[in-house]
Amino acid sequence: MRSESLAKVYVVATGNQQYRAVYARMMAKQDGLCSYCGIAISQSDTIVSKAYVRKSKYFHKACAEKINII
């Protein structure tokens with residue numbers, strides 16, 4: 001059995017104070033693309049961040065639900 005305790009999941013809605021910082025980080029690290037589908041995440045989308053030990057991945061909320069992250 002694999003331990004998932006190393007990864008934390010953050011759901012950042014557009015109304016959240018941290019949204020602009022998360023969006024800017026996602027743009028810099030992933031060129032604004034979802035890690036699952038490869039389609040651009042717009043500024044009106046809810047961002048789901050799965051933080052691993054060394055690298056975070058960013059997803060659309062629908063994609064995160066599809067692959068059972070949230």
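Helices (H or I, at least four residues) and strands (E, at least two) are DSSP runs, numbered from the N terminus. With that in hand, here's a quick tour of a predicted model, in which local features need pLDDT of at least 70 and side-chain atom pairs count only at pLDDT 80 or more, while totals for chains, interfaces and linings use all residues. Residues are numbered from 1 along each chain as its sequence is written, and side-chain values use heavy atoms, with hydrogens and water left out.

**How exposure is judged**

- A residue is called buried under 20% relative accessible area, exposed over 50%, and partly exposed in between (1.4 Å probe, protein chains only).

**The tyrosine pair in helix α1**

- Rings of Phe, Tyr and Trp (its six-membered ring) pair if their centres lie within 6.5 Å; planes under 30 degrees apart are stacked, over 60 edge-to-face, and the rest tilted.
- That rule gives a count of one aromatic pair.
- The pair is Tyr19 with Tyr23, and it counts as stacked because the ring centres are 6.1 Å apart and the planes sit at 20°.
- Both tyrosines belong to helix α1, four residues apart, or about one turn of the helix.
- Tyr19 is buried at 5% relative accessible area, and Tyr23 is buried too, at 14%.

- Helix α1 covers residues 19-30 and includes Lys29.
- Gln30 is also in helix α1, and with a relative accessible area of 12% it's buried.
- From Gln30 to Lys55 is 25 residues in sequence, and 11 Å in space from C-alpha to C-alpha.
- Asp31 sits in the loop between α1 and β2 (47-51).
- Asp31 has a phi near 55°, which is positive even though the residue isn't a glycine.
- Asp31 is exposed, at 63% relative accessibility.

**Another positive phi**

- Asn68 lies in the segment after α2 (61-66).
- Its phi is positive as well, about 60°, and Asn68 is not a glycine.
- Asn68 has 66% relative accessibility, so it counts as exposed.

**Patches on the surface**

- Patches are built from residues with over 30% relative accessible area and no salt bridge; like charges are joined within 9 Å, and nonpolar side chains (Val, Leu, Ile, Met, Phe, Trp, Tyr) within 5 Å.
- A salt bridge here is a side-chain nitrogen of Lys or Arg within 4 Å of a carboxyl oxygen of Asp or Glu.
- Lys and Arg count as positive and Asp and Glu as negative, leaving out His and the chain ends; each charge is placed at NZ of Lys, CZ of Arg, CG of Asp or CD of Glu.
- Accessible areas come from the Shrake-Rupley method with a 1.4 Å probe, and for residues only the protein chains shown count as cover.
- The positive patch brings together Arg25, Lys29, Lys55 and Lys57.
- A nonpolar patch is formed by Val9, Val11 and Ile70, which together have about 210 Å² of accessible area.
- Val11 is part of strand β1 (residues 8-12), and it's partly exposed at 43%.
- Val9 is in strand β1, and at 34% relative accessible area it's partly exposed.

- Tyr58 is in strand β3 (residues 56-60), and it's buried, with a relative accessible area of 1%.
- Its C-alpha atom is 8.8 Å from that of Gly32, 26 residues away along the chain.
- Between Val9 and Tyr58, 49 residues apart along the chain, the C-alpha separation is 9.8 Å.
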